[in-house]
Amino acid sequence: MVYLTRKAEFSASHFYHNPEFTPEENKRIFGKCNNPHGHGHNYTLEVTVKGQVDQRSGFVVDLKELKEIMNREVIEAVDHRFLNKEVAEFHERIPTTENLAITIWTWLKPKLNVAQLHRIRVYETPDLFVDYYGEA
Amino acid sequence: MKAYLTKRYWFSASHRLHCDALSAEENRDVYGKCNNPHGHGHNYALEVTVTGQVDSKTGMVCNLADLDGFVHENILERFGHENLNTLPEFQGVVPTTENLCMEIYDILERGFQHAAIEKVRMEETMLNSFEYAGGREIRN
């Protein structure tokens, strides 16, 4: 089994707010991230797939194909978007890095017939990232 | 759904690698330049990984403000700009980054209440790093 990781970058804005909380609770729990006008990040996405190395091609996966799937299914949906307003999954769900990683997994999993998805890692900043392995 | 959140921190400290049970010559052999009696320092990078179910109300494994607060108070304040050899946790324990990594894991495991500690990873320099997950296998 060999693991292969492909990176992509996207920039997006978001804010954290739960309508079930009072304004004070939202402020206390989410701090500056509660600003309703949003704020942005340069995100880095790492998609790790695993599989056997094909004897003829020497590949776990055709990287060009993986790159196209990542661009089509993820980057086009989130790059230069206000996640809360423009991405349906985040109309109700708070676009935290945790939820971004889980959402990207659910987008990619059914589209990746070329290899087995192992891990989604999303960096919100170089010092903060979330890993999701598809666990319930 | 279970996710793993990692936050990276920095602190600077000095240390000297020296074992009292070894002779002066053996210490120089084992630790090389790190045995310099006056010590030397590093900018340590510390990565703390916590894990748990993503809370449906907050979208978080744990509130970063809680993790940042705990790490600042109990780790960065404690070790930052210190000579590690002078601290009580390193009396009779060589302050290698292996031991520092395990000590920091234990502080988090004992005291941090908001999420489970998955692992601690430390970079002593850009060229070496250490990981400890309480004796469990490291998940990559």
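**Notebook: helix packing, sheet and A–B contact**

I noted the spans and geometry: α2 (residues 64-79) and α3 (residues 97-111) of chain B pack at an angle of about 130°, with axes 11 Å apart. Axes are lines fitted to C-alpha atoms, for helices over the stretch in contact, and angles run from 0 to 180 degrees between N-to-C directions. Helices are DSSP runs of H or I with at least four residues, strands are runs of E with at least two, and both are numbered from the N terminus.

α2(B) passes α3(B) in a right-handed crossing. The call is right-handed if the near helix is turned clockwise from the far one by less than a right angle, left-handed if anticlockwise. I listed the contact residues: F70(B), N74(B) and I75(B) from α2(B), with I104(B), I107(B) and G111(B) from α3(B). Contact means C-beta atoms, placed from the backbone, within 7 Å. These residues divide into four nonpolar, two polar and no charged. Nonpolar covers Ala, Val, Leu, Ile, Met, Phe, Trp, Tyr, Cys and Pro; charged covers Asp, Glu, Lys and Arg; the others, Gly among them, are polar.

**Provenance**

This is a predicted model, in which local features need pLDDT of at least 70 and side-chain atom pairs count only at pLDDT 80 or more, while totals for chains, interfaces and linings use all residues. Residues are numbered from 1 along each chain as its sequence is written, and chains are lettered from A and ligands numbered from 1 in the order written. I noted ipTM 0.94 and pTM 0.95 for the model. Chain B averages a pLDDT of 97, and 100% of its residues score at least 70. pLDDT is the predictor's confidence in each residue, from 0 to 100.

**Sheet of chain A**

I traced β1(A) (residues 2-14) to β2(A) (residues 39-51): they run antiparallel, joined by 13 bridges. Pairing requires at least two DSSP bridges. A8(A) has L45(A) of β2(A) as its bridge partner. L45(A) is in turn partnered by V122(A) in β4(A). β2(A) and β4(A) (residues 116-125) pair antiparallel over seven bridges.

**Between the chains**

The contact takes 19 residues from chain A and 16 from chain B. On the chain A side, β5(A) gives the most, with five residues. That side divides into nine nonpolar, four polar and six charged. β5(A) also pairs antiparallel with β1(B) (residues 2-15) over four bridges. There, F129(A) stands opposite T6(B).

Notes: Two residues are in contact if their C-beta atoms, placed from the backbone, lie within 7 Å.
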